[in-house]
Amino acid sequence: MATPLSAAVRLCCLMAALALSSMAVRADEPPPFSPPGSFTDMGHFAHQDGATLFRAICQGCHMADAKGAVGAGYYPALAGNQKLASATYPALVVLKGRHGMPAFGDYLSDAQVVEVVNYVRSHFGNQYPDALTQAEVAKLR
Amino acid sequence: MRPVQNPLAISRRDLLRKIGVSAGAAMMYQAMSTLGFARESDYRGPIELSGAPKGTSILILGAGMAGLVAAYELRRAGYTVKVLEYNHRAGGRAWTLRGGDEYTELGGARQKCEFDPGLYVNPGPWRIPYHHHAMLDYARRLKVPLEPFNELNFNAYLHSSKAFDGKPQRYRHIYADYHGHVAELLSKAVNKGQLDTELTAEDKEKLLESLRVFGVLDKDYRYTKSFATSESRGYDSERGAGQMPPPALSTPIARDALLKSGLANYLVTPFDYDLTPSMFQPVGGMDQIAMALYRDVAALVEFDAKVTAIDQDERGVSVTYVDARRGGEPKHARADWCLCTIPLSILSEIPVKVGEPMLAAIQSAPYEASVKFGLQFKRRFWEEDERIYGGISYTDLPIQMIGYPMAGMNQGGKGVLLGGYVWGTNAYEFTSMTPEQRIRKAVELGAQIHPQYPAEYENGVVVSWHRSPFTQGCFANWSDDARGKHYENLCQIDGRIALAGEHASRLPAWQEGAVLSSLDTIGRMHKKIVATA
């Protein structure tokens, strides 16, 4: 279900994107927050580009090197993960969640899902040339 | 404790979204608890398990509240009990961090808590409502002393970074002024006859009379600066004695500024059924109830046991596990029956021999993100400078809350604040940082509410629940849809295996849910054992 971002959040996104484009993104750099705005729109991530979305969301569990982690259970590695061969699979997992992983469909726009899936599928040792499109994401919702 | 997305009825989801939009994560989370879940505890006194067949063994997986309660009760009933626990401690999420404690999160970042003696933070549950009868009963039976937890503090802050130039407002000001302005507006409408189709003449009279009291209005139904409103919202300078100067009356916040701020949307938070007085906390830390249970069953518990497979046949259950710290050869534990309290986030990644319906249930619960900070300060400036004793301030900043310690109030010395309790998108963003980055950010943000932060801050710890090696999340945030489909299957006894924990309750994230789930399940398991003996 696509949820249009409010004008205020769009503006914040734009500002965040502008701020980011002017700086080198380092792996150890703290991710910027979604607009401090529980009041306006607490339910959306501000960032628009795949690298920043990965750093703000995915690396919390899958880790900065995308190699996952092992404790009593485990978070799967996204690095070199053959399950990413079809772009539909990671798109579905992001939208709907899987096992303990929450669904992000309500948190992210189609464009953001495209960005983050394409980023993961083209980094961390993954080299899948085909790109996910917004139309495909819209269909999967 | 239950946040964001629960799609079942569109209307419910939309309602939650509206609440979220207008009032933020904290409110959203409060609302979830009232909309979908039956909150009342079903506890009916200590469980009676009589006639346990001699020599029957039960293996319990997990030594959190659910596992400990089961071990405590089943052993008393005469069963042979063994408990396997992944951590090197008991309690699970019923956990308190004190000076000297170490915690390594997933990804390997290690923190050492440097709090002074007597200071602590509860990174998991931190409060017990009066209607959580089972928790209160165990505290009483195990002689764990409790003290009040005051959720609502009229002198704590409500803060919006976008209103009043970012200056935090006292809860009592927002509370009194919102009621005053609403009462004034409503009485205006009544007096202009705008509600004549709704109200009889007598209704109008009664309503006006109550509005005047409720909103502290003057004889003309106006909410203004006066002795009466200062008696309600507080004075600008306090009342003294003798030749001390008279008190300065305070000025209510203008209606438009108050409405624009959105701060009134926070007012209802402490009035959620789960958060209203009386609430309690164990003296010395939330782990005290779990520790009292643990002391009774310590000899039965094996720590550092990482379960890798759960198998069963018609004769019994076999669990494979490895030493979580040293590794080595897999070990096996056999028993006649098994009560598994492992969080579903973990269990869904372990081979379990149960039927398809229960397996599907195990794989259907998303675990929520949440982050909690404990920050130690050189002095209790919130008490000394700002007269905030316990309670919580709410903010639209990513830290979302600042909780003030209920213990040691007005004793001076150092103190530990709950420097943030974070849900939703901000919780993911905090989790994606290193612990040092998270704490730096929490101190930086908290300084917008308490400017004393930078000068007084000493040390801190942070727990991001998605990085917790033993839960991979905060709690099972069932959607109504998934609960409808899977809950019954989750709560069955599948052959010789049954599950328990907050995830198998209608009080998700609360210890009461874990305890009730445990009692309900062992009661049914006991019946089945007795019937088939």
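What follows is a request about one strand, and then a connected reply. How many residues of strand β17 (residues 371–377) of chain B are buried, and which strands does β17(B) pair with?

Reply: This is a predicted model, in which local features need pLDDT of at least 70 and side-chain atom pairs count only at pLDDT 80 or more, while totals for chains, interfaces and linings use all residues. Residues are numbered from 1 along each chain as its sequence is written, and chains are lettered from A and ligands numbered from 1 in the order in which they are written.

In β17(B), 7 of the 7 residues are buried, so the strand is largely enclosed by the rest of the structure. Strands (E, at least two residues) and helices (H or I, at least four) are DSSP runs numbered from the N terminus; a residue is buried if 20 or more other C-beta atoms, placed from the backbone, lie within 10 Å of its own, exposed if 12 or fewer, and partly exposed in between. In a regular strand the side chains alternate between the two faces of the sheet. Both faces of β17(B) are covered, with B:Val371, B:Phe373, B:Leu375 and B:Phe377 buried on one side and B:Lys372, B:Gly374 and B:Gln376 buried on the other.

Two strands pair if DSSP finds at least two bridges between them. On that criterion β17(B) is joined by 7 bridges to strand β20 (residues 415–422) of chain B, the two running antiparallel, and B:Gly374 stands opposite B:Leu418 in β20(B). Strand β21 (residues 457–464) of chain B also pairs with β17(B) in the antiparallel sense, again over 7 bridges, and there B:Gln376 has B:Asn459 of β21(B) as its bridge partner.

The loop between β21 and α16 (480–490) of chain B contains B:Gln472, whose phi is near 50 degrees, a positive value in a residue other than glycine. Most residues other than glycine have a negative phi, and most peptide bonds are trans. B:Gln472 counts as buried because 27 other C-beta atoms lie within 10 Å. B:Asp304, in the loop between β12 (301–302) and β13 of chain B, has a positive phi of about 60 degrees although it is not a glycine, and with 16 other C-beta atoms within 10 Å it is partly exposed.

The loop between β13 (305–312) and β14 of chain B holds B:Asp313, which counts as exposed because it has 10 C-beta neighbours inside 10 Å. The C-alpha atoms of B:Asp313 and B:Arg496 are separated by 8.1 Å, although these residues are 183 residues apart along the chain. Strand β14 (residues 317–323) of chain B runs antiparallel to strand β15 (residues 327–335) of chain B, to which 6 bridges join it; a hairpin connects the two through 3 residues, and B:Ser318 stands opposite B:Arg334 in β15(B).

Elsewhere in chain B, an open sheet of 3 strands has the order β7-β11-β8, with antiparallel pairing. Its edge strands are β7 (128–129) and β8 (146–148), each of which pairs on one side only. Strand β11 (residues 279–282) of chain B is joined to β7(B) by 2 bridges, and B:Met279 in β11(B) is the bridge partner of B:Pro129. A cis peptide bond, with omega about 0 degrees, joins B:Pro277 and B:Ser278, and B:Ser278 lies in the loop between α8 (255–261) and β11 of chain B.

Helix α9 (residues 287–297) of chain B includes B:Met291, a residue that is buried, with 21 other C-beta atoms within 10 Å. The C-alpha atoms of B:Met291 and B:Gly64, which are 227 residues apart along the chain, are separated by 9.9 Å.

As for the other chain, chain A has 6 helices and 2 strands, arranged along the sequence in the pattern α-α-α-β-β-α-α-α. Of its 141 residues, 45% count as buried.
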